[in-house]
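Trainee: I would like to learn how to read features off a model like this one. Please show me the structure, and we can go through it together.

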Amino acid sequence: MMALREVIHRNALLLVKSNSYLNPCGYLAASAPFMLQDYKTHVRFGSTKHWLPKWKPFRRLKVIKVDLPNFNEAETSKDMTPDEVRAKMKERGMSPPRPWMERPFEISSTSDLFEPYIPPEGDGKASYISKEGAKQTAEIVSKKSKTWLAFRKIRNFDEDFESKLFAEEAQKIYLDVHKAVSEKDKHRIRELVTEKAYPEVTLNMRCKTIRWKFLDTIEQPKVVHARCTDVIQKENVFAQITCRFFTKQSLAIYDRFGRLAHGSEVIAKDVLEYVVFEKHLANQYGIWRIHGKIIPEWAPTNFETSYRTFRAMN
């Protein structure tokens, strides 16, 4: 019996953490089912290794060590010297920052108006018979020499160019831009205006309802100014032509609540504008587009301001 007790203690791992097969005195019960089993098939070892070692590299790849960022680095880096900052960036494999001084450059259009036209004071009001009207006509004729030279340079690239025909084409572009703005067709606006004029045309267009109508032409459109200039190279020529439009229009702007903010759909007004058109002559696929607008210093600035919504105080 003592020998049997030693066997039981030697094979304690075979028991399923239960003493149900032992009586209170520690002896083996007579009906123990494991006495008929083979002990060799139930032997356990203390090692935790997997029985198939080929999966060991894959188990190692399941765990990824991540370097957590230091969220207080901005505060601690304030007291670091330039050499310490450089060493820190070198440790991380980062290049030192460079003082970039470059500016974006658009090659299909210029960034400004060169030699802008100065409208004579009182234009659109003085009659040709009056003294002021005759004076304006004389000034325009005296400044036509540079414009004619610009026309000659434009004809070197476009043989079919005529100032009278261009004025009609310019008015069509002018009306198409206003129509696209009222319909908020940004794709069409990009085709009709240059990159410089696009943000100016679409300014404050968001959350607005625009009602615009072209009613009549008071005076025929005409070309009053033309200039050509070269950029970087002499062959890279840009042309700018200023056209004068004197038309009758109606404009009404509603805010996002549907309230009238500016103008009226019923009242028509006379509009005198000087619009600058630009074309990249060196580009065989270049087209005339609106580049800007000239606002004279003597033009009225007392525009109607829109009413704003205020919170009613109790």
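Trainee: Is Lys 172 buried or exposed?

Mentor: Start with the cut-offs: buried means under 20% relative accessible area, exposed over 50%, and partly exposed in between, with a 1.4 Å probe and protein chains only. Lys 172 has a relative accessible area of 54%, so Lys 172 is exposed. Keep in mind that this is a predicted model: local features need pLDDT of at least 70, side-chain atom pairs count only at pLDDT 80 or more, and totals for chains, interfaces and linings use all residues. Residues are numbered from 1 along each chain as its sequence is written, and side-chain values use heavy atoms, with hydrogens and water left out.

Trainee: Which side chain does Lys 172 meet in a salt bridge?

Mentor: The rule: a side-chain nitrogen of Lys or Arg lies within 4 Å of a carboxyl oxygen of Asp or Glu. Lys 172 meets Asp 176 at 3.2 Å, N to O. Both residues lie in helix H7, four residues apart, about one turn of the helix. Together with Arg 188 and Glu 191, they are linked in a network of salt bridges.

Trainee: How many salt bridges are there in the whole structure?

Mentor: The search finds twelve. Take Lys 293 and Glu 273, whose side chains meet at 2.7 Å, N to O. Lys 293 lies in strand E4 (residues 289-294) and Glu 273 in strand E3, so this pair ties together parts that are 20 residues apart in sequence. Lys 293 is partly exposed at 44% relative accessible area, while Glu 273 counts as buried at 13%.

Trainee: Which partner does Lys 279 have?

Mentor: Asp 158, in a salt bridge of 4.0 Å, N to O. Lys 279 lies in strand E3 and Asp 158 in the loop between H6 and H7, so the pair ties together parts 121 residues apart in sequence. Lys 279 is buried, with a relative accessible area of 13%. Asp 158 is partly exposed, at 24%.

Trainee: What elements does the protein chain have?

Mentor: Helices (H or I, at least four residues) and strands (E, at least two) are DSSP runs, numbered from the N terminus. The protein chain has nine helices and four strands. From the N terminus on, the order is α-α-α-α-α-α-α-α-α-β-β-β-β. Of its 314 residues, 27% count as buried.

Trainee: What describes a pair of aromatic rings?

Mentor: The distance of the centres and the angle of the planes. Rings of Phe, Tyr and Trp (its six-membered ring) pair if their centres lie within 6.5 Å; planes under 30 degrees apart count as stacked, over 60 as edge-to-face and the rest as tilted. The count here comes to nine aromatic pairs. Trp 55 and Phe 58 form a tilted one, 5.8 Å centre to centre with 55° between the planes. Phe 166 and Phe 277 form an edge-to-face one, at 6.0 Å and 85°. That pair links distant parts of the chain: Phe 166 is in helix H7 (residues 163-183) and Phe 277 in strand E3 (residues 260-280), 111 residues apart. Phe 166 counts as buried at 2% relative accessibility, and Phe 277 is buried at 0%.

Trainee: Which residues form the aromatic cluster?

Mentor: Phe 151, Phe 161, Phe 166, Tyr 174, Phe 245, Phe 277 and Trp 288 form one cluster.

Trainee: Where does Phe 58 lie?

Mentor: In helix H2 (residues 56-61). Phe 58 is exposed at 52% relative accessible area, and Trp 55 is partly exposed at 40%.
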